[in-house]
Amino acid sequence: MADASPDAASQSAAPHHPLVHLEPGRATALVLLLASLSMVGPFTIDTFFPAFPAMQSALSATPWQMQQTLTVYLIAYAVMALVHGALSDAVGRRPVVLASLVVYLLASVGCALSGSLGQLLLFRTIQGLSAGAGSIVGRAVIRDCYTGPQAQKVMSLVHMLFGIAPALAPVVGGWLLPWGWPATFWFLVLLALLLLLLTARVLPETHPPSQRQPLHPVALMTGYGELLRSARFRWLALAAGFNFSAVFIYISSAPVVVLEHLGFSEQQFASLFVPVIGGMVLGSFCVGRIAGRLSSAQGVRLGYLAMFVGLSWNLLQALSSDGMSWPWGVLPIGLIGLGTSIAFPLLSLLMLDLAPTRRGGNSSLQMFISLAVISIVAGALAPLVNHSISALAISSASLTGIGWLCWRAGRYEVALPGAQSSV
């Protein structure tokens, strides 16, 4: 299928909604809020990484059991991703985000007060069930309100600001560690409270009643079934999941990478996260700059070029060295992140345009598929390979290779009936 500009497809796929007519200050505030909401997930994952050894000792847990505090969160996040977007299609975007923030706040209190591993796993699961609404529904809000290159620019801005969170979170966690490991979760309580207040003030309803879909289990499953019957949707969602997993295998292995491979302390997690997330933020910035200049396919190819250069550099260093040095052992991972962040917003917009009347459910399903891949990598693959820098590099390269094959397969598949193609 030949490359085509996304402009025409996007213009016909989405109507303009009231946000377009808001004064610039309020529109900017909304974009910043959506970016902040998308930070909840990374902060929930990364803030408590520096406290892993202290939590392991306090809760009498093994390293494998501590890894599962991440796995149960991701699985719950992925399962609930199927509901958040579809629920927002039925009842509106605003109430779903507000309700989920209340649940997340209470779950964070539960984590801070947990006295056993079992209690912590329970409340981490509830965090996962509630943390994703802002990110998932936020993407639908963006597509409700913007079209063409403007949608690409806004999506890239949100993704760029979202990318700052994983760099900040472990640094904040390291600062809080002297007050005990529960302090990291009390920080998340304060974050949730602040976002709840800002959402109540800033977030408008962008999905009017006239466009809402009935929330019936049969209708919901039918809608998901229609999306899953699109081979293009399946391949693009898998591509996004495998691409991000190539970076996330390092993020989920951060306690081992920082404390063992780099030989740094609990207060030096920024040594890994700042270069990696810096690459991701730069990639998101690049997406905004190429909006309207390159087609979606050309932009994704640019992202894969950066990924493959970073992977080659990473493999050469890992296979030719006895250890992991800083900064050269981390910079190529940042380049992989740069390429991933160029490709991800473009893949997301392409998938959203496959079902213009069900963007919330579409966003949910693509998030579910991507998170299913990421959860398997974090829970099963990372613990097997993270004690070897060579095994980590080979695994990361393999994941990106699979993502590229999925992208190639998705490019040449037929879209859903009535959908617009910009691939």
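Helices here are DSSP runs of H or I with at least four residues, strands are runs of E with at least two, and both are numbered from the N terminus. By that rule the chain has 18 helices and zero strands. The model is predicted, so local features need pLDDT of at least 70 and side-chain atom pairs count only at pLDDT 80 or more, while totals for chains, interfaces and linings use all residues. Residues are numbered from 1 along each chain as its sequence is written, and side-chain values use heavy atoms, with hydrogens and water left out.

Of the 423 residues in the chain, 59% are buried; buried means under 20% relative accessible area, exposed over 50%, and partly exposed in between, with a 1.4 Å probe and protein chains only. Contact means heavy atoms within 4.5 Å. Among contacts in the chain between residues at least 6 apart in sequence, 85% join residues at least 24 apart.

A nonpolar core is a set of buried Ala, Val, Leu, Ile, Met, Phe, Trp, Tyr and Cys residues joined through side-chain atoms within 4.5 Å. The largest such core holds 125 residues, and the members touching the most others are F49, L74, F185, F248, L347 and W407. Helix α12 (residues 231-252) supplies the largest share of this core, 13 residues. Beyond residues up to four places away in sequence, F185 touches F48, M55, S108, C111, A112, L120, R124 and Q127.

F185 also belongs to an aromatic cluster, together with F48, F52 and W181. Rings of Phe, Tyr and Trp (its six-membered ring) pair if their centres lie within 6.5 Å; planes under 30 degrees apart count as stacked, over 60 as edge-to-face and the rest as tilted. This rule gives eight aromatic pairs. One of them is F48 with F52, edge-to-face at 5.2 Å centre to centre and 70° between the planes. F48 and F52 are both buried. Y304 and F308 form a stacked pair, with 6.1 Å between centres and 25° between the planes. Both lie in helix α15 (residues 296-320), four residues apart, about one turn of the helix. Y304 counts as buried because its relative accessibility is 2%, whereas F308, at 32%, counts as partly exposed.

Two helices can be checked for length, the expected span being 1.5 Å times one less than the number of residues. Helix α8 (residues 133-145) has 13 residues and should span 18 Å, which agrees with the 18 Å between its end C-alpha atoms. Since 13 of the 13 residues of α8 are buried, this helix is largely enclosed by the rest of the structure. Helix α11 (residues 217-228) has twelve residues and reaches 16 Å from its first C-alpha to its last, close to the expected 16 Å. In α11 the buried residues include G223, Y224, G225 and L227.

Q366 is found in helix α17 (residues 359-385). Its relative accessible area is 3%, so Q366 is buried. Apart from neighbours within four places in sequence, Q366 is in contact with R139, F233, A237, S348, M351 and L352.

Helix α13 (residues 254-261) packs against helix α14 (residues 270-290) at an angle of about 120°, with the axes 9 Å apart. Axes are lines fitted to C-alpha atoms, for helices over the stretch in contact, and angles run from 0 to 180 degrees between N-to-C directions. Angles under 35 degrees count as roughly parallel, over 145 as roughly antiparallel, 65 to 115 as roughly perpendicular and the rest as oblique. The two helices α13 and α14 are therefore oblique to each other. A254, V257 and V258 of α13 make the contact with S271, L272 and F273 of α14.
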